[in-house]
Structures are given as C-alpha cells and as structure tokens.
Amino acid sequence: MSETIAPLENEGKKLRKVIAASSVGTLIEWYDFYIFGSLSVVIATKFFPADNPTAAFLSTLATFAAGFVVRPFGALFFGRLGDLIGRKYTFMVTLLIMGFSTFAIGLIPGYETIGFLAPVLVLILRLLQGLALGGEYGGAATYVAEHSEPGKRGYRTAWIQTTASLGLFISLLVILATKKSMSPEAFANFGWRIPFLISIVMVGISYFIRKNMDESPVFQKAKDEGKIVANPLKESFGKKLNFKFVLLALFGATMGQGVVWYTGQFYALSFLQKVANIEFEQSNYIIAASLAGGTGFFIFFGWLSDKIGRKVVMLTGMLLAICTYRPIYQAMYETADVSLKTEVVGSRKVTTDYMMIPKSVDLKKIIKTKVAYTDGTEMTVEETGLVTLFPGRNPVKPDIKKTIHVGSEGFWYLILLVFIQVLYVTMVYGPIAAFLVEMFPTAIRYTSMSLPYHIGNGIFGGLLPAVATYLASKATAANEVAKTAGQQIPFDKPYLEGLWYPIIIGGVCFVIGLLYVNGKDKEIND
Amino acid sequence: MNAIRRVFGLVWILLGLAAGYFLEVLQSFALFEKGGMDNVVPAIIYSFILAPLLTGGMVIFGLYALQNEYQR
C-alpha cells in the first residue's frame with residue numbers, strides 16, 4: 001500500500017503532545033523497573049534473607065525472571081492486544097500495571113513482619129513489572145512512529161529512546177537524594193520505600209496526559225478499513241513472510257543493540273564498583289554524569305538516521321563498540337589501579353577496632369588502612385576478622401573490602417570513558433524504534449516489533465552482567481589455580497574476559513545486519 | 001551479494017549448533033553437576049534460555065538464508 005496518511009507537519013503542537021505523553025509514560029516505566037535493581041541490596045535484606053535458601057531462590061527468580069523471561073511474554077500479550085484493540089488503550093494498561101506494582105512494593109511489610117508472604121508478594125509484583133514493561137515500549141514506539149510524518153520518524157521516536165537512559169538516571173538521582181536527606185539507619189528502615197511510593201504520583205500525572213490522546217491515525221485507518229487481523233500472534237510468528245523479519249530484527253539488530261546498551265550502562269557500573277573497587281557514591285556519579293552528557297545524542301542519532309539511514313548509524317555504533325571495549329575497560333581499570341600511583345609519604349593511617357558480637361564470646365576485629373596518593377586518589381582497606389577466645393579453634397579467613405575514591409583528574413577521565421560507551425549506546429539505540437516500526441505492517445506491528453526488542457534487550461542484553469561476571473570470575477579462578485600449581489597464568493587480564501560476551505554477540509549481529517538488513521524500507525502505511 | 005547471503009546461511013546454522021553444543025554440553029552439564037545456587041542459576045540460563053534461543057533461532061534463520069528468503 002502506498003497511500004499516505006495526511007502529513008501532520010501543520011500539527012506540530014499535537015505531535016509534541018503525542019511525543020511528550022508517550023515519552024513521559026515510558027520514562028516512568030523504566031524508572032519503576034530500575035529502582036528495584038538499584039535498591040536490590042536493601043530489598044534483599046528486607047525481603048530475601050540470605051541465610052534462608054528458599055528466600056534466596058525467590059530473590060534470584062525476582063532478579064532474572066522479571067528482566068528476562070517475563071518481558072518477552074509481556075511483549076506477546078500486550079503486543080497482541082495492541083494490534084487488536086489499539087495502541088493507546090494497551091499502553092495505558094501497561095502504565096497502570098507498572099505504577100501500581102511499584103507503589104505496592106513500597107508498601108509490603110518486611111520478611112520479619114509477615115514471613116514468607118513478603119518475598120512471594122515482591123516476586124509477584126516484580127513479575128507484573130516485567131510484564132508491563134514488555135508491553136509498554138512497543139506501544140509507545142509504534143504510537144509515536146504512526147503519528148510522525150515520513151522523513152522525521154527517526155527523530156520523533158528517538159525521544160522514546162531517551163527514556164530508558166533517563167529512567168535509569170532519574171532512579172539514581174532519586175535514590176541518592178533520598179539517601180542524602182536522611183541518616184543511613186533511617187534509609188534502611190523506611191527511606192528505601194520512598195522511591196517506590198513517589199512513583200504513583202508520576203504515574204497518575206502520566207495517566208491523565210495519555211487519557212486525552214487520540215488513537216494512532218495509522219491504526220485507526222487500518223481498523224476503519226477492516227484490515228485488523230484476527231490473530232496477530234499467528235500472523236507474526238506462524239507465517240514465514242513475517243517470521244523471517246522477526247528473526248532478522250533479532251539477530252541483525254536488537255541482539256547487538258542489547259549487549260551494547262547493557263555494557264555501556266550496567267556493566268560499566270558493575271565494573272567500576274566490583275572490579276575497580278570505586279566507592280558506591282562516586283561510581284554512581286560517574287554513570288549519572290555520563291548519562292546526562294550522552295542522552296541528547298539519542299535525539300541526534302535518531303535525526304541522523306532520517307538523513308543517512310538507520311542501518312549505517314546503528315552498525316557504525318556496534319562496530320566501534322566491539323572494537324574499542326577492551327582498550328576502554330583497560331583504561332578504566334588502570335585509572336583506579338593504585339599500584340600505578342605514587343603514595344603520599346606519611347599518609348598511611350592504620351586503626352584497629354574491636355567490637356563485641358552479641359550472644360558470642362568472640363570479638364570482631366576491624367583493621368582500617370587509609371592511604372592517599374599524589375593524584376588525589378584515596379584508598380580504604382577494611383579487614384574484618386574474628387578474635388576467638390578458644391585457642392584451639394580454626395582461625396576464620398578475614399573479610400577484606402577495598403574501596404577507592406579516585407582523584408579529580410581520574411574522576412573526569414572515567415566519566416569520559418563511560419560517556420564514550422554511552423555514545424555507542426545512543427548510536428545503536430537512537431534509531432532502533434523507527435527501524436523496527438518500519439520493518440512490519442500495521443496489522444501486526446506492535447506484536448512483531450515488541451518480541452525481538454525484548455528478547456534482544458531483556459535476554460541477550462539483560463544476561464550480560466551475569467554472563468560477563470561469570471566469565472571474569474572463571475578466568476580469575478583459573479589464574480589462581482595455575483599460580484598455586486606454580487604454572488604460568490592462562491589469562492593475562494582476567495578482568496577483561498567478561499567483555500568477550502558483548503564482543504562476540506555484537507560481532508555476529510554486525511555481520512548479519514551488514515549482510516541482510518535493508519536500510520531503505522521506510523514505508524509504514526501498509 | 002545474494003549468493004553471499006545464501007552461503008552465509010550455512011554459517012548461521014553451524015554457529016547455532018556450535019552455540020548449543022558449547023552452552024549445553026560444555027557448560028550447563030558441568031555446572032549442574034557442581035550444584036549450588038551459583039552454578040545452577042547460570043546452568044538454567046544457558047540450558048533453558050540462551051541455548052534454545054540461539055540454536056533454534058540461528059538454525060531457522062540460516063535455513064531461511066539458504067532458501068534465499070532474504071534476497072533483494
């Protein structure tokens with residue numbers, strides 16, 4: 001079909017409202033989804049006690065199932081609804097489900113109060129969050145794209161693309177602000193609930209904005225003409241004509257986009273905290289500053305994709321990412337590596353404290369060493385051990401915790417290194433909504449674009465932190481075994497081994513995208 | 001270019017099968033045998049999520065490529 005919907009160029013105000021209504025709602029959904037992850041440590045202590053294996057298992061389910069398994073199901077369920085009853089009503093439902101689930105998590109009494117019911121309720125609500133997120137994105141992207149005039153679809157939908165990073169950014173800011181406004185004890189007691197509870201206000205505002213919007217004109221036209229299919233799932237995945245494009249969208253675009261996205265934002269944060277040992281607050285500031293600097297580029301690359309094509313922008317980002325990840329992470333590691341820095345003479349301070357352990361005859365011994373370096377970096381090593389009053393008992397291995405606060409120059413350098421990764425994210429992610437929307441016909445668009453997006457992001461991307469951490473820890477363990485046996489260590493830089501996952505997945509996706517993706521398909525009124 | 005797209009279909013089929021073998025046989029079985037939450041969780045992810053997706057998806061994608069479904 002080549003018939004074109006009347007251009008909306010003169011309806012700029014209405015279009016801006018469409019973009020704002022869709023983007024704000026999607027932003028809130030990402031915010032809701034991320035605060036759970038960002039507060040996972042506190043949530044674990046309140047709902048999932050580590051010494052209880054069943055609760056720990058529920059915690060693992062809440063982390064993995066909601067992010068990976070449930071999102072594609074949400075894409076199928078709500079995608080089907082969106083293709084049958086309309087984009088607008090469907091993504092209003094997902095917004096409400098997400099808002100109420102998040103609010104309810106903030107209200108659930110802890111494990112100490114209601115026992116096992118607490119982790120079970122949290123798990124159910126977390127699954128609902130994943131389900132809602134699975135349905136939201138495809139709806140918002142399709143809704144904006146179907147309102148946009150040809151030639152500006154990349155630019156318009158790029159506003160939706162900013163929401164995932166902005167949602168993460170706002171979640172970090174709200175958590176940091178809540179933490180700053182009260183004592184650590186108050187935050188642990190009730191303060192952690194505030195980021196969950198305020199979500200209901202944001203969802204309420206977004207609901208009333210969205211409520212007054214019209215249905216997508218492209219969908220409305222298809223509906224009026226009786227072109228809505230009875231079974232979008234069968235049409236999308238049961239017919240080779242459509243299914244081959246679902247596979248192409250997954251393996252030639254969203255799979256690589258997912259790993260680049262997660263590496264640039266989540267793995268970078270995890271690497272800073274767990275490998276480079278940079279303190280919690282400083283590492284979050286580094287990510288927040290990089291996101292703040294990079295978010296505008298989603299719009300730029302969305303706009304650029306209207307001019308030079310989606311394929312070239314996305315594949316360039318993917319290629320740059322897979323070629324430069326190792327040197328970037330090596331530089332991040334070295335910036336925090338104190339063995340490469342000069343210690344300030346006389347700065348080393350060692351203090352020893354003893355603490356009584358309730359209901360025990362043992363004492364906790366804490367040795368704190370603080371060292372300053374000439375570039376302004378400070379390192380704190382806290383060694384916690386036990387002093388036992390029974391001489392015959394086996395000594396317990398002390399727990400050593402190292403935290404580094406990098407100096408000003410290192411801090412800005414790390415922001416630059418993470419910012420480069422965020423730029424790659426904006427290149428692969430900025431144009432992808434327009435790319436996916438243009439790949440499928442109106443009757444099955446919501447369903448067909450949502451599934452590859454959530455498999456690419458949720459599964460290939462979402463598994464990245466777990467797989468990459470596993471690969472790095474396996475390499476470290478192999479080195480330790482070799483060292484003990486007096487052999488040469490097999491991995492020169494074990495901390496970089498985790499990067500093979502995004503490099504290989506991104507590399508395969510790049511080749512498939514280069515060979516098979518057609519960068520010229522831009523008609524959506526079919 | 002269409003000939004290259006078609007020939008690469010075989011590469012995607014082999015890659016899918018190799019990924020399945022690596023994830024199921026070389027990784028998951030060993031992890032399940034080791035036991036413990038730290039090993040079982042990645043084993044479940046490999047066996048029931050990544051391997052079926054990669055192997056199934058890549059094999060079908062490769063078959064479509066071999067059948068010239070992606071030619072222009």
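Student: How far apart are the C-alpha centres of domain 1 and domain 2 of chain A?
Tutor: They lie 38 Å apart. Keep in mind that this is a predicted model.

Student: Where do the domain bounds fall in chain A?
Tutor: Domain 1 covers 12–338 + 409–516, and domain 2 covers 349–405.

Student: How many residues of each are in contact?
Tutor: Nine from domain 1 of chain A and eight from domain 2 of chain A. On the domain 1 side, the residues split into four nonpolar, three polar and two charged.

Student: Strands next. Which sense do E2(A) and E3(A) pair in?
Tutor: Antiparallel, over 10 bridges. E2 of chain A is residues 363–372, and E3 of chain A is residues 378–387. One facing pair there is Lys364(A) opposite Leu386(A).

Student: Zoom out. How many helices and strands does chain A have?
Tutor: Chain A comes to 21 helices and four strands.

Student: Does its radius of gyration agree or disagree with a compact globule, and why?
Tutor: It agrees, because a compact globule of 526 residues would have a radius of gyration near 24 Å and chain A has 25 Å. The C-alpha trace of chain A spans about 85 × 50 × 40 Å along its principal axes.

Student: What share of chain A is buried?
Tutor: Buried residues make up 48% of its 526 residues. As for contacts in chain A between residues at least 6 apart in sequence, 82% join residues at least 24 apart.

Student: Now chain B. What's its radius of gyration?
Tutor: Chain B has 15 Å, but a compact globule of 72 residues would have one near 11 Å. Its C-alpha trace spans about 50 × 15 × 15 Å along the principal axes.

Student: Which secondary structure does chain B have?
Tutor: Two helices and zero strands. Of its 72 residues, 33% count as buried. Contacts in chain B with a separation of 6 or more are 76% between residues 24 or more positions apart.

Student: How many residues does each chain give to the contact between A and B?
Tutor: Chain A gives 15 residues and chain B gives 18 residues.

Student: Which elements of chain A give two or more residues to that side?
Tutor: Helices H3 (53–84), H13 (240–275), H19 (445–461), H20 (464–484) and H21 (500–516) of chain A. H13(A) gives the most, with four residues. By class, that side of chain A has 12 nonpolar, two polar and one charged residues.

Student: Different spot. Where is Asp214(A)?
Tutor: In the loop between helix H10 (199–211) and helix H11 (217–224) of chain A.

Student: Buried or exposed, and why?
Tutor: Asp214(A) counts as exposed, because it has 10 C-beta neighbours inside 10 Å. The cut-off for exposed is 12 or fewer.

Student: What separates the C-alpha atoms of Asp214(A) and Gly498(A)?
Tutor: A distance of 46 Å, with the two residues 284 apart along the chain.

Student: Last one: what are the model's scores?
Tutor: ipTM is 0.92 and pTM is 0.88. Chain B averages a pLDDT of 89, and 100% of its residues score at least 70.

Note on methods
Residues numbered from 1 in each chain as written. Chains lettered and ligands numbered in written order. Predicted model: local features only at pLDDT ≥ 70, side-chain atom pairs only at ≥ 80, totals over all residues. Pairing = 2+ DSSP bridges. Rg over C-alpha atoms; globule rule 2.2 N^0.38 Å. Buried ≥ 20, exposed ≤ 12 C-beta atoms within 10 Å, placed from the backbone. Contact = placed C-beta atoms within 7 Å. Nonpolar A, V, L, I, M, F, W, Y, C, P; charged D, E, K, R; others polar. Domains from an automatic or database assignment. pLDDT = per-residue confidence, 0-100.
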